[in-house]
Amino acid sequence: MIIFKGENFQKAWVPPDMNKNWQWTSNSKGWTCDIIALEWITRVFDPETRDKANGKQRALICDGHGSHVQPEVLRFCIDNKISLLLMAAHSSHLCQPLDVGIFSPLKTYMSAELDKIMRCGISNIKKFEWADAYRLARPKAMTEKNIKSAFRTAGLIPFNRRKVLTRMPEFNETDVDSDEEINDASASVEAHPFTEIPSTLSRINPVLLYRANAALITNIDGGIFDTPTRKFIPKLIAVAEYNSAQIVVSNHQIEAKDRILTKRREHATGIRSVLKGKHVASTEELYKEVKASKDATRAKKDSANRKGAKNSAV
């Protein structure tokens, strides 16, 4: 289910090439809420998993967001054989398969699709353009290989709690059986977005910065100000100051470039342009062309000088 930010959902936000089975909704924040959570479990999760379960109990793993544990959702789960499993607070980057192995490549592919628009000088992305970028990026990220790797890395299938516990700050070996080993050590574990931002500002990858900023916004919306969040905020400020300095330098370079190009244009339209291809200069016709060109050049310089003097006075 795609949640747009907007009071009233508009069909114009949906690209014409979208799968007709996709579900769409919106609210003022562009984030899940009690109503949307109930809509999702009744309109998306239940219909998509009911037949596959064939009457057996289904498991739904989610975080402890308030919308996930409202009475209406719990009642629906109980009545429809759905076991609602809640992760520990601030553990989704370790326990949730989407966070572990799907969102990172998805955001990378999304950035690549949106870059096709932004590199044309268009920075204001429309909702239907974002949705179309998601349509193209989603199958590239949500592959069978990535999904299985995500569940394996989160220690869910095959079940292996050590994969999560060993990365907890206060992990104690006595908390788990000694015969529980971390098999499949080759499975990659996605680093937290905040820790992926290097200290050297010039080496920051825009895609990683986008992920970290998205994680920061999510934490702010959820009222989460844990240690990683507090450490990232000063780094984000430093990035903003660095980019501001880069813009100033870039503007100076652009101004210098403009001055050079202006001189080139004046040169191209000046006397040399008139004389190009001419071998006999002492003709009445050529004299008139040269004089007109020279007068035009002087007029441009006088106009530029007056404009400069006016700006200095201001």
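Trp22 counts as partly exposed, at 22% relative accessibility (buried means under 20% relative accessible area, exposed over 50%, partly exposed in between, with a 1.4 Å probe and protein chains only). This is a predicted model, where local features need pLDDT of at least 70, side-chain atom pairs count only at pLDDT 80 or more, and totals for chains, interfaces and linings use all residues. Residues are numbered from 1 along each chain as its sequence is written, and side-chain values use heavy atoms, with hydrogens and water left out.

**Aromatic rings**

- Rings of Phe, Tyr and Trp (for Trp, the six-membered ring) pair if their centres lie within 6.5 Å; planes under 30 degrees apart are stacked, over 60 edge-to-face, and the rest tilted.
- By this rule there are eight aromatic pairs.
- One of them is Trp22 with Trp24, a tilted pair at 6.1 Å centre to centre with 35° between the planes.
- Trp24 counts as buried, at 14% relative accessibility.
- Trp22 also pairs with Tyr134: the ring centres are 5.7 Å apart and the planes sit at 70°, so this pair is edge-to-face.
- That pair links distant parts of the chain, with Trp22 in the loop between E1 and E2 and Tyr134 in helix H5 (residues 127-141), 112 residues apart.
- Helices (H or I, at least four residues) and strands (E, at least two) are DSSP runs, numbered from the N terminus.
- Tyr134 is buried too, at 13% relative accessibility.
- Ring pairs join Trp22, Trp24 and Tyr134 with Phe4, Phe9, Trp13 and Trp130 in a cluster.

**Helix H1**

- H1 bends by about 45° at Asp46, and Pro47 follows within four residues; the bend is the angle between axes fitted to the seven residues ending there and the seven starting there.

- Most residues other than glycine have a negative phi, and most peptide bonds are trans.
- Asn54, which follows H1, has a positive phi near 55°.
- Asn54 sits in the loop between helix H1 (34-53) and strand E3 (58-62), and it is exposed, at 64% relative accessible area.
- Lys81 isn't a glycine either, yet has a positive phi of about 55°.
- You'll find Lys81 in the loop between helix H2 (71-79) and strand E4 (82-86), partly exposed at 44% relative accessibility.
- The peptide bond from Ile157 to Pro158 is cis, with omega near -5°.
- Pro158 lies in the loop between helix H6 (144-153) and helix H7 (162-165).

**Confidence**

- The protein averages a pLDDT of 79, and 82% of the residues score at least 70; pLDDT is the predictor's confidence in each residue, from 0 to 100.
- Confidence is highest in H1, at 92, and lowest in helix H10 (residues 271-275), at a mean of 60.
- Over residues 182-190 pLDDT stays under 50, and the model has 19 contacts beyond four places in sequence for them.
- Where pLDDT is low, the predicted coordinates should not be read in detail.

Note on methods:
Contact = heavy atoms within 4.5 Å.
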